[in-house]
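Here's a quick, friendly tour for anyone meeting this structure for the first time. Have a look at the picture, then read on.

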Amino acid sequence: MTRLIIIAAIAIVGSANAFTAVPQNALTSTRASPLFDEKPTTTERGVSMDQDGKSNVWAIEPKMEVENKSSEEKTGSTLLAVGGFAVFAAVAAAALTNLPDPDQF
């Protein structure tokens, strides 16, 4: 029983510490110059800077999608889908037409 109390106390203390505020480093200013920022900056595709500091923007063409299926494969897939739907409709119609009449009860 004491072991259970100790485990519960540790769990409560651990979960309480999970929600405390993280102290920020007092030496780092949030208004620091980006020139001295050591974090790598993400670059946007299609944009660059030249030697004069002017931005160059160019277009990026979208990737082209190439169809791999022939017209025969597409026709076969379509016929299979239509056939599956026809079988489902026939089973549903047979089930619905053979339901008992609710007025008989």
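## K69, out in a loop

K69 has a relative accessible area of 51% in this predicted model, so K69 counts as exposed (that means over 50%; buried is under 20%, and partly exposed is in between, using a 1.4 Å probe and protein chains only). You'll find K69 in the loop between β2 (55–57) and α2. Setting aside neighbours within four places in sequence, K69 is in contact with K74 and S77 (contact means heavy atoms within 4.5 Å).

A word on ground rules: residues are numbered from 1 along each chain as its sequence is written. Since this is a predicted model, local features need pLDDT of at least 70 and side-chain atom pairs count only at pLDDT 80 or more, while totals for chains, interfaces and linings use all residues; side-chain values use heavy atoms, with hydrogens and water left out.

## The overall layout

The protein has 2 helices and 2 strands, and from the N terminus on they run α-β-β-α. Here helices (H or I, at least four residues) and strands (E, at least two) are DSSP runs, numbered from the N terminus.

## How confident is the model?

The average pLDDT is 78, and 70% of the residues score at least 70. pLDDT is the predictor's confidence in each residue, from 0 to 100.

## T97 in helix α2

T97 sits in helix α2 and, with a relative accessible area of 61%, is exposed. Its side chain reaches two backbone oxygens: that of A93 at 2.9 Å and that of A94 at 3.1 Å.

## A nonpolar patch

M1, L4 and I5 make a nonpolar surface patch of about 390 Å². Patches are made of residues with over 30% relative accessible area and no salt bridge; like charges are joined within 9 Å, nonpolar side chains (Val, Leu, Ile, Met, Phe, Trp, Tyr) within 5 Å. A salt bridge is a side-chain nitrogen of Lys or Arg within 4 Å of a carboxyl oxygen of Asp or Glu.

L4 lies in helix α1 (residues 2–17). Why does L4 count as exposed? Because its relative accessibility is 57%.

How values were computed
Accessible areas come from the Shrake-Rupley method with a 1.4 Å probe; for residues, only the protein chains shown count as cover. A polar contact is a pair of N or O atoms within 3.5 Å; within protein, one must be able to donate a hydrogen and the other to accept it, and residues adjacent in sequence count only if both atoms are side-chain atoms.
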